Amino acid sequence: FETRGIDLVYSRLVSPSISVDISAGPQWLSSSDKALIPNSLNAAASVGLSYARGLSNARIGYSRGVNGGYGVQYGGLSDTVTASAGHGFGRTWQAGVNMAYMHTESLTQTGATPPPGLSIPLGGSFSTVFGGAQLSHRLSRSLSAYVTYAAQHQSYNTAYTGTNAFNGTSQTFAIGITY
């Protein structure tokens with residue numbers, strides 16, 4: 001499938017520390033396999049509120065639009081809410097947290113015949129909740145170390161009798177050095 005869109009964008013610095021950005025417009029979707037993914041007209045939009053002052057920053061946002069999908073899904077129309085915050089502790093330590101919620105409706109028609117080799121049901125929707133935190137420390141001008149933890153819970157609303165790879169919680173813990 002292919003998408004085309006036109007967005008109107010508005011950005012404003014509300015105060016020295018706070019900014020707002022808004023964009024919206026139509027998003028046309030055309031598909032080469034209309035039985036699987038029908039042509040459609042959708043609304044695309046995003047709204048964000050950002051704060052930055054001194055060593056602290058934060059952002060909340062919302063977006064809606066068609067995306068290429070993920071995993072075995074051929075594309076989706078997603079609504080996403082995000083929030084993040086960070087703070088520097090002097091010149092060497094930084095901490096940050098981020099959270100997101102995404103609800104994605106599949107672009108494929110429920111009950112459509114799947115392409116050869118695909119055994120999961122088409123259609124349905126995914127809901128995903130994500131949260132993470134990171135602490136980093138500057139070791140030198142070009143090296144820093146970090147520790148990160150993230151958790152994600154996903155649920156798929158369509159019954160599937162195969163391996164349950166679409167519902168559940170995953171966690172990631174990482175330690176690393178960046179150059």
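Terms first: strands are DSSP runs of E, at least two residues, numbered from the N terminus. Two strands pair if DSSP finds at least two bridges between them. This is a predicted model, where local features need pLDDT of at least 70, side-chain atom pairs count only at pLDDT 80 or more, and totals for chains, interfaces and linings use all residues. Residues are numbered from 1 along each chain as its sequence is written, and side-chain values use heavy atoms, with hydrogens and water left out.

Start at β4, residues 40-53, and β5, residues 56-67. They run antiparallel, joined by nine bridges. A45 sits opposite R64 in β5. Two residues separate the strands of this hairpin, and G54 in the turn has a positive phi of about 60°.

On to β6, residues 76-89. It pairs with β5, again antiparallel, over 12 bridges. There, N57 faces G86 in β6.

Now the pocket. What is the volume of the largest pocket? About 220 Å³, taken as the space filled by probe spheres set on grid points joined across faces, edges and corners. A pocket here is an open set of points on a 1 Å grid over the protein atoms alone, where a 1.4 Å probe fits, with protein on both sides within 12 Å along at least five of seven lines; lining residues have an atom within 4 Å of a point. The lining has 19 residues, with A85, A95, G96, V97 and Q134 nearest the centre. Which strand gives the most to that lining? β7, with five residues.

Key
Helices (H or I, at least four residues) and strands (E, at least two) are DSSP runs, numbered from the N terminus.
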